[in-house]
Structure formats: structure tokens, C-alpha cells
Amino acid sequence: MQTKSPVIIDLKFDQEQVAAALKGAFADREVINLSHPANRNRDLSGIDYAVVWKPGADLFSRAKDLKVVFSGGAGVDHVLTLPGLPDVPLVRFVDETLTTRMSEWVVMQCLLHLRQHQAYEAQRAARVWRELAQPEAKDLTVGIMGFGVLGQDSARKLKTLGFDVIGWSKSGRKVEGFETFDEAGLDAFLGRTDILVGLLPLTPETKGIYNTGLFTRLSRKGPFGAPVFINAGRGGSQVEADIVASLNDGTLHGASLDVFEQEPLPLESPFWSMDKVFMTPHASAASDVAALFRHVAAQIERLESGKPLEHLVDRSAGY
């Protein structure tokens with residue numbers, strides 16, 4: 001009977017979480033966790049599968065026979081640029097827990113801006129008791145750039161709360177219950193948008209897309225007189241100097257950022273002390289490691305029983 005190929009694990013995650021998640025995972029095959037010193041010089045030839053997130057620089061030169069590479073996260077931009085990445089199927093992590101966490105974060109940020117949380121916090125610090133005029137969710141249009149699994153789940157939850165929600169994707173994919181726009185319709189989409197939510201993958205086309213030129217095309221007809229920018233996609237898609245300048249000159253009313261050009265965020269970044277910014281440390285949708293391993297095991301099972309892999313990355317598109 002043919003022995004099942006081991007799985008290489010090379011994840012720069014919290015190693016205690018990885019170890020806990022590996023208990024009971026891949027029960028029918030060997031796991032080679034490269035964070036263990038014993039595996040440092042292990043021969044990795046003849047192994048079919050690797051699960052990676054910021055792997056060692058020599059991984060692909062050591063594991064020359066890989067048949068599938070699994071990304072440890074929903075985004076794959078960091079995998080696509082790895083030196084020596086073999087020309088084999090690349091599978092991204094799609095999981096309900098990741099989707100739910102992301103949409104919770106997006107909904108929370110939209111509500112924080114809608115309910116003027118920063119203004120009330122400032123009043124509290126100054127011991128001021130004053131009710132502010134309160135717009136309703138239906139008074140604002142949320143425009144989501146990146147209308148895939150994550151964007152659509154966020155859209156459905158926001159719509160339930162009463163927000164008007166529209167979607168943009170390069171292809172303008174049709175989604176029942178929502179008005180969607182394509183590349184040619186970007187100006188029309190931006191002109192309607194009071195709260196812009198960025199969920200785009202990082203590709204050459206999306207690098208630096210969230211900049212002053214884009215912010216000035218957003219709607220200024222909403223209840224706050226200026227738009228809000230929320231980004232939980234990729235830090236490389238935003239120009240941070242432009243966000244700072246746009247907040248300071250009133251082009252933007254506020255922002256919520258979970259991703260940054262450089263992570264961890266440098267201590268000298270102005271974002272640390274800006275009242276108009278809600279900030280989280282790339283924590284909107286942390287990968288659930290146990291769910292990741294279940295996803296990988298399910299895909300390996302599919303492949304080995306003759307079914308096609310799911311969630312394959314289109315390398316030419318970058319996602």
C-alpha cells in the first residue's frame with residue numbers, strides 16, 4: 001500500500017497555536033513542522049504538500065517535488081512573490097470563521113463612524129454631556145471595493161442594519177440584491193459612496209489605489225459632509241501619506257485601518273495619535289489555525305480521490 005505523502009508546515013504564526021491545532025490534524029499522514037529544530041536539516045524531497053505563511057527562504061529549494069502549495073491566509077500576494085515558488089497549484093484559505101470575523105470587523109467600523117463614536121469619546125475626555133444629531137444607516141451608502149466572499153458577507157450584514165450597499169469589482173460580478181459596478185463604472189461607484197470599504201487583494205493594479213485622487217471622487221453628500229475610508233484588505237493598496245493629508249484637510253471625515261504599508265506600524269507613524277482614525281493591528285480576521293488545517297486536509301482528500309482542488313489562485317490575476 002502506497003504511503004501517503006507527509007505535509008510540510010512552514011507558518012510564521014504563534015507556534016503554540018500551531019502546535020495545539022496540529023493535535024489531531026492530518027491523523028493519516030506525517031506532519032513536518034519546520035519550526036522544530038529537529039526538522040531544520042530534514043530532507044524534504046519527494047513531499048507533495050506544503051502549508052506556508054512567510055516561509056523560510058530555502059523552502060522551495062529544499063522541497064523540490066511539491067505538487068500543491070497551500071496559503072496560510074486568505075491573501076496570497078506574499079506567496080506569489082516568494083523566490084523559487086514552483087509552478088504548481090496554489091490554494092488560498094477560504095473558511096467561514098475567517099469570513100465571519102472579517103465581516104464583523106467591517107460592520108463594527110461602519111457603526112463606529114455612523115454613531116460618531118470618536119466625537120463622543122472626545123466629549124467624554126472633556127467631560128462634556130451633549131447629544132449629537134444622529135443620522136440613520138439608511139442615510140449612508142457603503143461602497144465595498146472587492147466584492148468576493150468577504151465583501152458579499154459584509155454587504156449582507158450591513159444591508160440588514162439598513163445601510164444602502166453597493167459593490168465594485170474589476171469584472172463587475174453580478175450579486176443578487178446589490179447594485180454592482182465594474183472597472184468602467186468606478187467613477188459612478190465612487191460618486192455614490194459615503195463609506196468606502198477596501199477588501200481588494202494586492203495586485204499590480206491595486207497597489208496604491210487608495211490615494212488622494214480616489215478619495216476626492218467619493219461622495220460629499222452624506223450626513224458628515226465628507227466620506228469615510230475603511231481598509232481591511234492589504235496595506236500595499238493604500239498611500240498612507242495621502243490618507244493623513246486627506247484627514248487633515250477634510251477630504252476624508254474619518255478612517256478605520258487594519259492593514260498598513262509597513263507592519264508592525266512604525267512608532268513614528270502619525271496614525272498612532274490621530275483622533276479621526278480607528279486602528280487595529282492586522283487583526284480583523286486572523287486565521288484560525290485549526291480551521292486552516294481542516295481546510296488543507298479536505299483539499300488533499302479531494303485531490304487524492306480524483307476530485308479537483310477548490311479555491312485555486314489565478315496567478316495572472318494575482319488572487
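Because the model is predicted, local features need pLDDT of at least 70 and side-chain atom pairs count only at pLDDT 80 or more, while totals for chains, interfaces and linings use all residues.

**Stop 1: helix 1 and helix 10**

Select 15-22 and 289-304. These are helix 1 and helix 10. Helices (H or I, at least four residues) and strands (E, at least two) are DSSP runs, numbered from the N terminus. The two axes lie 8 Å apart, at an angle of about 45°. Axes are lines fitted to C-alpha atoms, for helices over the stretch in contact, and angles run from 0 to 180 degrees between N-to-C directions. Helix 1 is therefore oblique to helix 10; angles under 35 degrees count as roughly parallel, over 145 as roughly antiparallel, 65 to 115 as roughly perpendicular and the rest as oblique. The crossing is right-handed, that is, the near helix is turned clockwise from the far one by less than a right angle.

Now show side chains. Gln-17, Val-18, Ala-21 and Leu-22 of helix 1 touch Val-289, Ala-290 and Phe-293 of helix 10 (contact: heavy atoms within 4.5 Å). The contact has 6 nonpolar residues, 1 polar and no charged ones. Ala, Val, Leu, Ile, Met, Phe, Trp, Tyr, Cys and Pro count as nonpolar, Asp, Glu, Lys and Arg as charged, and the others, Gly among them, as polar.

**Stop 2: helix 4 and helix 6**

Move to helix 4 (96-114) and helix 6 (149-160). Their axes come within 9 Å and cross at roughly 50°. This crossing is right-handed too. On the helix 4 side, pick out contact residues including Leu-98, Met-102 and Val-106. On helix 6, Leu-150, Asp-153 and Lys-157 are among them. The classes here are 8 nonpolar, 4 polar and 2 charged.

**Stop 3: the second largest pocket**

Helix 5 supplies the largest share, 4 residues. Select also His-253, Gly-254, Asp-275, Lys-276 and Phe-278, which are among the lining residues. By class, the lining has 4 nonpolar, 6 polar and 2 charged residues.

**Stop 4: two backbone details**

Select Arg-127, in the loop between helix 5 and strand 6 (141-145). Its phi is near 55°, a positive value in a residue other than glycine. Finish at Pro-264, between strand 11 (254-257) and strand 12 (277-279). The peptide bond from Glu-263 to Pro-264 is cis, with omega near -5°.

Definitions and conventions:
Residues numbered from 1 in each chain as written. Heavy atoms only, no water. 1 Å grid on protein atoms, 1.4 Å probe; cavity = no way out; pocket = protein on both sides within 12 Å on 5 of 7 lines; lining within 4 Å.
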